[in-house]
Amino acid sequence: MVFSTYIFLFVYLPLTLGVYYLLPFRMRAFWLTLTSYVFYGWMRPEYCTLLAAATLLNYYCGKRMVRAQTETSRKVWLTVAVAGSLGLLGFYKYAGMFTHWADTVAQLFVTPANGVNVIPILDIILPIGISFFTFQAISYPIDLYRGDAEEAPDLISFASYISMFPQLIAGPIVRYQWIAEELKFRTHTPAKFALGLRFFAHGLAKKVLLADMFALAVPLAFCEGQPTFELAWIGILGYTLQIYFDFAGYSDMAVGLGLMMGFTYPQNFNSPYKSASITEFWRRWHITLSTWLRDYLYIPLGGNRKGAARTYINLTIVMLLGGLWHGASIVFMLWGLWHGLLLASERWLEDKHPLKRMPRPLAVACTNLLVILSWVLFRAENFRMAGRILKGMFLSFPTFALGDALISPGLLLAIPIGMAICLFAPNSWEISPKQTPVLAMRDAAILLAAVTAVLATASTPFLYFQF
Amino acid sequence: MKKETPRSIPERLHKERIRLPHFVEEAESAGPAMVWLTIIVILLPYIVFLTMEIGARIIDPPILPLRPPWAPELRSPYPPLTRYAWTGDLKRIARLPYYDKLIEQSPFLPRYTLRITDEWGFVNKPTGQPPRPIDEQHDIILTGASYMAEGSTIEHTFASQLTKELGKSVYNASWPSGGPVTGMIHLLTNPQFFTGKADLIILGIIQRYLYGYNFNEAFEHIAEDGSILPSTIPQHPNRQSLRDYPDWRNTLETYLESTSSIRAWALKAGQFLPPMAFDRGINTDIRISWLKDIPHAPILFYPADIASTFHSYESREGDKILEALIRIHQRCQTLGTKLLIVIVPDKYEVYRDHLNPPLLPQRNPLLHERPTHPRRRAPQVLVERLQEQGIDAIDLFPTLYDAQFHPGETKLLYWVDDTHWSDAGIAVAAKTVGNQIQTLYLQ
């Protein structure tokens, strides 16, 4: 299920929250788990088994690990849990890519007998959110092993932690240790609820009013043949804005829904486009992923404790894997590599790095340019497409005409305004949490506009839409 | 350089995360009255909406359009005896005021399709009588998916055009939302609907549906010798039930949206909101391109459809398709009915030489499809194989491809904002198919 749909806003959410508040505390974890499975399995119920598998595996491995007598057996249970979760992720996310690669290589030497492929390619439809909930699940056995968290009190509350619908399919990645206390006890105050409403309203508006609007600009560059200078820039700036508002909007909605149920989730975005270096960008962009990678990947690899060279290599490896986490393709890996190399270069040159020596506004502009370049790779499905966009951006001359492009003047105006919002406006975490009637009316208007947009998105006039 | 140790993580993380509870404390300092006021003010419009939605459904329960009481309990592609407007894909997937303006200026007027359904729920003029088996009144039956079913009005459907060409009435038994043979199977397995006495059945299939897996229905319902497998004659009732529709969750969502009491109001208000792309977590990658020699024609394509035109007969499991069609043909022979198979090309195949800039197929990242460059189009191979088996088949690609160069042809053969063929395309195709029927069967 998706937040910005009629069924979520008008059926699922009132039912889920209504019953949640009527139940006594000890029943709430069960209700949350149940409704989250409905949320997850709405379109593909069979994939709920994956969620259950990740839950059971990590819960029981954690249990055995706590009861293990020797360090070796603790390590064994940790390995089983982590390998099992990664195996799940690996199979569902990467098997298709690897069989495809193997087939490509094999075809260099062997002519396919059936005219199509040598090695059968696994066609697996990616279970939505699998990257998020497996990472979330992995944090539990590792935290237990390191002594950073206590054992989960019971299976139901652990299951509710893994499946919690607000952040299940697109983050933030919440670690077990962060909400272990809240799973046992949390308050449900009107203030939390009011704050949650505000986060949800702002998040929904970011998603349906801003991100979905900027999405219209993207195909101008990414779906045509060779885009012109103007179209390439409009398309990539549109994507830069779309991905931020979409993702940050989703995180805001998740935080808001969490607050309505008494949970306090971590901040996931902190105005990333205000960064003056790539290092700073990664402290502000998808914070729960970058800190996850730091604590569960970078530090176990040795972090910066094994000398300068190892630090750079570790940074690059972590970002490369981070790229792969976003999607099973070589362009995502290259995107990760780009960021890894930039991070390593900043670490290497430290104060001598050009970004550090520029005045801050210039450094922000340059950082954004580097980030925008990485979004070309992130959005392009292949190198040919990325190459065309880059050619349009840098190797063609402005014509000061949009030609036959399908773009409205309003959207053209919205792009600089959107950029200005990203660069200068406070984000949802910086807006004062004070409650006044005027602020309440502002948030009511935002929610009204966003809900209207959801309702007004044309869908079918009747029962059928799969023509 | 500062050293990091795993042990120091939790405290630091706790500091990183600490802001939200702090935030909550600050919010709580407002005092309970203000907090409650805030909640009420923010939620007020939403609660009004929710009450209206629930209330309207209690006062006037708009249950799915019910069948008329006399109608047998058969599945149907649409609810019977309805008429409503329908728009092209692009209008349906995006709220694009400027695009609408462009389309209005375009001479290739796309449309609101006015769809009318008969007593059986198929796209035909209603007869005004309780439904009787369709072959009592019609000698020629047309079936297939949406291509065969729809036209901008009831006069412009393929069946109506063919009626005009042949001077004989053609019944439109096409099943728009189904697979390539859904309508055909419905025809062959429901004796109340079709007793098997027609002279000719025309089965139209669009190029992009020519994949083996799309023909599983034929194997589920028809045995090798052409007999109907008994267990599969559908017996489930349809009335007031969502379960009958295979994808009930999708259906429920669409049903709720379409019967929403506030949606009409929201659509009006939506004009003042920014335009938006359609996004429900579904990948709806679209491409709008321009036709080189034809002004004012921004034209919509789907990358998956483009890719399909590059797939060879073998890679689509062509022999499985052939086997399915042989079974259907055998069934028709048993009934004493002739069968004509018509393969319709996709928009991209007809217009690819006009595209500026040219579009090339992409790999579908989900399916790992790899477009190959078949030496011959898969439909062409299929038609040849069918003819070898003694089954009549026509590939409409040459007809439609040539038609765009006709000196008098000023209309586009496909809708610019949709993947389906336009009235002009239907008329050209109906002429060819009509001629073929004249020579094959009527002379």
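**Entry 1: a helix pair**

I began with helix H16 (residues 360-379) and helix H17 (residues 383-394) of chain A, whose axes come within 8 Å and cross at roughly 145°. Axes here are lines fitted to C-alpha atoms, for helices over the stretch in contact, with angles from 0 to 180 degrees between N-to-C directions. Helices are DSSP runs of H or I, at least four residues, numbered from the N terminus. I then listed the contact (heavy atoms within 4.5 Å). From H16(A), Ile372(A), Leu373(A), Val376(A) and Leu377(A) meet Phe383(A), Ala386(A), Ile389(A), Leu390(A), Met393(A) and Phe394(A) of H17(A). I sorted these residues into 10 nonpolar, no polar and no charged. Nonpolar covers Ala, Val, Leu, Ile, Met, Phe, Trp, Tyr, Cys and Pro; charged covers Asp, Glu, Lys and Arg; the others, Gly among them, are polar.

**Entry 2: basis**

I note that this is a predicted model, with local features needing pLDDT of at least 70, side-chain atom pairs counted only at pLDDT 80 or more, and totals for chains, interfaces and linings using all residues. Residues are numbered from 1 along each chain as its sequence is written, chains are lettered from A and ligands numbered from 1 in the order written, and side-chain values use heavy atoms, without hydrogens and water.

**Entry 3: the two domains**

I looked up the domain assignment (automatic or database), which gives chain A domain 1 (6-185) and domain 2 (192-276 + 358-466). Pro166(A), Pro172(A) and Glu182(A) supply 29% of what domain 1 buries against domain 2, more than any other three residues.

On the side of domain 1 that touches domain 2, H1(A) gives the largest share, 8 residues. That side divides into 21 nonpolar, 2 polar and 1 charged.

**Entry 4: a salt bridge**

I counted 20 salt bridges over all chains. One joins the side chains of Arg67(A) and Glu151(A) at 3.3 Å, N to O. Arg67(A) is in helix H3 (residues 48-67) and Glu151(A) in the loop between helix H5 (130-146) and helix H6 (155-163), so the pair ties together parts 84 residues apart in sequence.

Technical notes: Buried area = accessible area lost by both parts, 1.4 Å probe. Helix = DSSP H or I, 4+ residues; strand = E, 2+ residues; numbered from the N terminus. Salt bridge = Lys/Arg side-chain N within 4 Å of Asp/Glu carboxyl O.
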